Amino acid sequence: MKPQNQLVSLVKSELERRTSGSSSALVVRSPGRLNVIGEHTDYNDGFVMPSAIDRAIYIGLSPRLDSEGNLHSIDFQESHSFDVKHPVKSPKAWANYLVGVVDELKKGGYSIGGFDCVFAGDIPIGAGLSSSAAVEAGLAFALNTAFELQIGRTELAAIAQRAENNFVGVKCGIMDQFASLLSEGSSVLNLDCRSLEYDLIPFKAPDIRFVLCDTGVKHSLASSEYNLRRQECERAVNVLRQSSSHIESLRDATLEMLEAHRMELDGTAYKRALYVLEENARVESAASALRSDDFKALGELLFMSHAGLRDKFEVSCDELNTLVDAASEIEAVVGARMMGGGFGGCTLNLVHEDGLSEFNERIMLAYDKIGTTPRIYECRLMPGTEILNNQSLRELD
Ligand code: GLA
């Protein structure tokens, strides 16, 4: 049995054990994501280019007749129970991603009853592949199905994001939850984070692989610096708005405007805003490059994105830079950059398949410099959150 099928079987049998085999049980696959380009642009109303990947959380859920919410994490071997009518914060950090979804559904006026929920997954935690968004999106999707709430996927993504913003307290943008729910596989989402309109761009290079290299570090300043970057971007918006009242976010600013008001901006706010404007433009160029199968141009944009994140947005770290620098010297690498919020987590590498073994060997040497255990994941682009129906479940047995 494939490792993923084993996970599903584990979730199924654990849920059956806890619910004595309820007939209305369902199992949902909710994937993690990569992001080709467009980092720290989502909360600036800008553009991103993510896709779900073949690493996921599997959630088993069965509605109850009372109002108990019973959560069980197979990976942590921990449980948490709460009253669905009164969702309150749990001392168990992992539980809040789930209770927060219930809280947001209630705030939205949706009616849900109690439920039993068990889950397990293979998304490495803390690697920047959005395991938390996958949990939130997966539960929102499962509850939507089980209680027939008729919520569309885009709104489910917004609910999952609000759960993280309001209940967990992380002020993330919408990219991760959106990618988890709306990806369609073998393509990337070209998403406008302001309107939430998107198109799917096929990734037509079967010989180019997506390889993630996990630094194995997550520096403690990651979340405080994330919130600080948001404030720095807002600071720039406030200054620009004084002369152009229509500016609501950096999405509305232009390079000309930024230069015209450079002296009124503090140096940090200027650098952050410049990065965001340039990164938004890079996402648009990347979309054109992908549409014309120009992978060389795409790769160059990835390296430029990394340089911007390192020098202007200042969210990279030595470990990420070491891995990207090493990748940039390998012939088979089309492009590489740090991915996600920064200060640790993964680099994204686009690698020609015939150079994969050389890539692995040389990246191992870079890991020697970093001093952490090499964790290199090759991944595939996958469709977003889905119910594993009885047919697909039977196929696993
Ligand atoms: C984290 C957040 C996203 C996004 C990225 C940076 O993954 O959850 O919303 O802001 O960082 O691009």
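The model is predicted, with local features requiring pLDDT of at least 70 and side-chain atom pairs counted only at pLDDT 80 or more, whereas totals for chains, interfaces and linings use all residues. Residues are numbered from 1 along each chain as its sequence is written, and side-chain values use heavy atoms, with hydrogens and water left out.

The protein is divided into domain 1 (4-203 + 382-395) and domain 2 (208-379), with bounds from an automatic or database domain assignment. Their centres, taken over C-alpha atoms, are separated by 26 Å. Contact between the domains (heavy atoms within 4.5 Å) takes 35 residues from domain 1 and 45 residues from domain 2. Both domains give residues to the shell around the ligand, so the ligand lies between them.

The residues surrounding the ligand (a heavy atom within 4 Å) include His-40, Asp-42, Tyr-43, Cys-172, Asp-176 and Tyr-226. By class, the shell divides into four nonpolar, four polar and four charged residues; Tyr and Cys count as nonpolar, Asp, Glu, Lys and Arg as charged, and Gly as polar. Taken alone, the ligand exposes 310 Å², of which the protein buries 91% (Shrake-Rupley method, 1.4 Å probe).
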